Amino acid sequence: MFESINYHVDLDTECQAEAEAAAAVAIVQRSTKNIRAITRQIPSLAEIIKQKPQRYEIVANGNKTLNLCLKTAGAMLYGQNPEAEAANAVAQFLDSKLLPQSNLVLVIIGIGLGYHLLPLLQKTLPRFVIFYEPEPDILVLSLQSAPWFELLTFCQAQGIQLFVQLGTSAKSVKADLDELKQAYSDAGPVYYFEHLHYPHLASELYQQEHSDNSKYCALTPQFLASAISQVNPRTISLSLSHNEQECFRKNLAWLAKNQSSLYQKLHSYQWQNWQLVIWQQHYAMQDKCGKVFSVSANKAHRGTIKQSSLTQDPVVFDFSLPEKLLNTAFATLFKNVKQLQLTIQTASEQNAHFVTERILLGSADYEACGKALENSEYLLVLEPDTDFLYASLFTVAWYQFKGDLYFCQQTAEVEQRITAQYQSGQLQLTDIFIDQPYYEKTLFSAYHLLLEIVQSCNGKSHYFEKQFASLNHYYQNISNATYLTNKQVSEQAPIFIVGNGPSLDLHIDYVVKHRKNLILISCGTALITLHRNGLTPDYHMELERGADTLFYLNKLPASYLKHLTLIGPADIHPAILAVFQKNLLVSVENTDVHQEFTSNFTHFSLLQLNYSYYTVTNFAVDLFLSIGVQKLYLIGVDFGFKNQNSHHARDSVYFQQDGSQLYDYEQTHGSAYVINANFGGECLTISSFDMARKLMGERIALSPAQQVFNCNDGAAITSSIPLRIPNITCTLSTTNAFKQDFLTLFVEANLTTKFEELTQQFKEKGQYCVKQLLSCLDENINAAPIYIASLQRQILNSTISNKIDHSYTLFDGSLRYFEMVSSRFYRCQAEARTNLALCQFWRTYLQHCLFRLSL
């Protein structure tokens, strides 16, 4: 299982720089020679090797050896000495095989750094060699490390025919071998050397090597390279000791009492794809093929939360704020905290740190599991693979935990539990650590989703400026729009929900051709793409509330907008309403202020939408499913992209006229990672897209009688129906009937108090509350920030019982951010001057809040 890059680089920056400089010289020399050789002898790869790697990079270990790093995870594919690892793997392969003297076909899975390639060919002298590398990045990077020049020269001298199957071509070993044997009837027996582990290829190899047609199921933990020992390693079947059996018995008893559904699953469980073994004197898991997956036994301080882990924790210190929020006071507070992050005093790296709440991703690092039990009060464990979870019952004394412990096997289950316990007050999420002891694909994706949830709960989604604007806008809009009631449509028509994802480019011609026979819904910036292609939507939807939305709307002709009907949240900025012909507003329940708003409707029941957040396309799907539309077609709703530079439609505002990005999308929105694609295979996504995708899937699942067609070459959306080309049969009269019926669902508000009075009321209450918070801060300015935060929490909570006081809604998110940072400074034993600086920054922010309320 992959280790973090932090365990490989030299913490002494000067020594690490020296290692990188030494590696750079060798890289330049080898790259130049390799590029010439490949361009000359394998011209089909000439264009590919010019590409810039996106997902992987070459890095230097602290000991001056090279390594491969998965950038988005900071995970290393090899250990400290990749050349020695490759040599050992080749030796083990040769020891286990009785190779023929001629016509050998050698299949090599994975190029990696390439240290294994030349020794394998020199020792086996094959007639044919087929390289499989599903990751083109890795081939490109291998030019910096592998002896390609020497290898190609050797093949030429020995008459070895070499084939490279790269990227999407690296799919089917069987089909390629059948083709080879048809072309070369004298091709001999086939031998396989698996250097990197790609699950789809590993499954096929297993099928070919086992005549019983049994399925190779070792696919769930998608590790790649250094986690894998070659087939038939020296493992010891585990003969359970009394201690292991007793641990298992007590863990089962604990499960029977505390998590009965999991107990029913595990109490008579049998190994499916993996089993627990002893390897190199440590516990490990071994699959059907004999491959061993194990956390490095040499990893120092396994399971401890190191000081650097706390001070560099992305959950606390790396809020990826959208560009439009970078000028807010909240963003300034965040940037000031980032500066203080560098001044937190360095504590001993040997010490484990206690945190109140911990989420542990994966149960295969048994040392990490034990440390988590010792240093947490609340522990939530995510382990998707049942074999791995079952193994931990023998090796980890879960039953000894005195706090709140719960096991989950799906990321969605973790999300639901965290959300429910946060809303009920069981979880605070301010003193929390998401513990990822090792890299694994599913767990890595879960980390990003959980990070987004925790940050959203701690101010990112409901800081003061956002809440203040929402309340203001609610009351200003109430006399200028109509609102969606809790009714359903009686007419039906095909609804095309158009996002601005890259797949919009694939379907724009179809939409133009069939425009009169469908209801066209533009979502956010997709409106610009539609306008550039001569299209006018029936309805335009916005979820963003801020006036900055006008920035892109103003790129469109005013006359064009004045022919459009807007559908938006009830707290959208009033200036946005002014540019449209008609405004239809909806109460979106995920906003904390909707209850204050809905009290103004005394004769109507407003429809409350529960799944209308993260993206405007979520809003659209939630709305039209909720009013009873039977068929929705998603166009440009990708939630993913095939490469880093294709994240939106080409005609969108995210690209300039020459096709280049307007700004570095990954740098602004966070690192991309791989998920399943809609039409098979994989695509890239970012955490905010992934959360929106999952939420949309949950919403669609609530309406099984209705159909949502995903027509995009992007991410798979659970419960939607993949459909490459829409197929609609509808008439103009049908669409007109739907539009007339749709308008009957909206009514005007019944104001009992003038909005000016309501606005003044919440401002006065807010001013009084923030003055109390400032007074509390000034009186305790030399105290620890965590103590000040606790006093301010008491003040804010006391306002909840007053129905006309919205202070809790206004300040809860921002205070939660201060509580989270204060907790982390406390755990890191921040110096007094650092604590004082934090309090001063917090004071400046509260003064800004007071100023806004007084306007």
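Biologist: How does the span of helix H15 (residues 411-424) compare with the expected one?

Modeller: Start with the terms: helices (H or I, at least four residues) and strands (E, at least two) are DSSP runs, numbered from the N terminus. The expected span of a helix is 1.5 Å times one less than its number of residues. H15 has 14 residues and reaches 20 Å from its first C-alpha to its last, close to the 20 Å expected at 1.5 Å a residue. Please keep in mind that this is a predicted model, in which local features need pLDDT of at least 70 and side-chain atom pairs count only at pLDDT 80 or more, while totals for chains, interfaces and linings use all residues. Residues are numbered from 1 along each chain as its sequence is written, and side-chain values use heavy atoms, with hydrogens and water left out.

Biologist: Which residues of H15 are buried?

Modeller: Buried means under 20% relative accessible area, exposed means over 50%, and partly exposed lies in between (1.4 Å probe, protein chains only). In H15 the buried residues are Thr411, Val414, Glu415, Ile418 and Gln421. They lie on the same side of H15 because they cover an arc of only 150° around the axis, the arc being that of the directions from the helix axis to the C-beta atoms. The general idea is this: an α-helix has 3.6 residues a turn, so residues three or four places apart point the same way.

Biologist: In what order do the strands of the open sheet with S15 run?

Modeller: Two strands pair if DSSP finds at least two bridges between them. Here four strands form an open sheet in the order S15-S14-S13-S16, with parallel pairing. S15 and strand S16 (432-435) are the edge strands, each pairing on one side only. Direction ignored, neighbouring strands of this sheet are turned by 15° against each other on average. S14 and S15 share five bridges in the parallel sense, and Leu379 stands opposite Leu405 in S15. S13 and S16 also pair in the parallel sense, over four bridges, with Ile434 in S16 as the bridge partner of Ile359.

Biologist: Which way do the residues of S16 point?

Modeller: In a regular strand the side chains alternate between the two faces of the sheet. From S16, Ile432 and Ile434 point one way, Phe433 and Asp435 point the other way, and all are buried.

Biologist: Which strands does H16 lie across?

Modeller: Angles run from 0 to 180 degrees between N-to-C directions, and axes are lines fitted to C-alpha atoms, for helices over the stretch in contact. H16 lies across S13, S14 and S16, at about 165° to S16. Helix H13 (residues 366-374) lies across S13 and S14 and runs at about 145° to S14. Ser445 belongs to H16, and Ser445 counts as buried because its relative accessible area is 11%. Not counting residues up to four places away in sequence, Ser445 touches Tyr673 and Val674, where contact means heavy atoms within 4.5 Å.

Biologist: How do the axes of helix H12 (residues 329-341) and helix H30 (residues 807-827) cross?

Modeller: They come within 12 Å and cross at roughly 5°, so H12 and H30 are roughly parallel to each other. The cut-offs are under 35 degrees for roughly parallel, over 145 for roughly antiparallel, 65 to 115 for roughly perpendicular, and oblique for the rest. On the H12 side the contact is made by Phe330, Leu333, Phe334, Val337 and Leu340, and on the H30 side by Ser814, Tyr817, Val821 and Phe825.

Biologist: Where is Gly188 found?

Modeller: Gly188 is in the loop between helix H6 (173-183) and strand S8 (190-194). With a relative accessibility of 14%, Gly188 is buried. Its C-alpha atom is separated by 5.0 Å from that of Leu104, 84 residues apart along the chain.

Biologist: How many helices and strands does the protein have?

Modeller: There are 31 helices and 29 strands. Of the 855 residues in the protein, 57% are buried.
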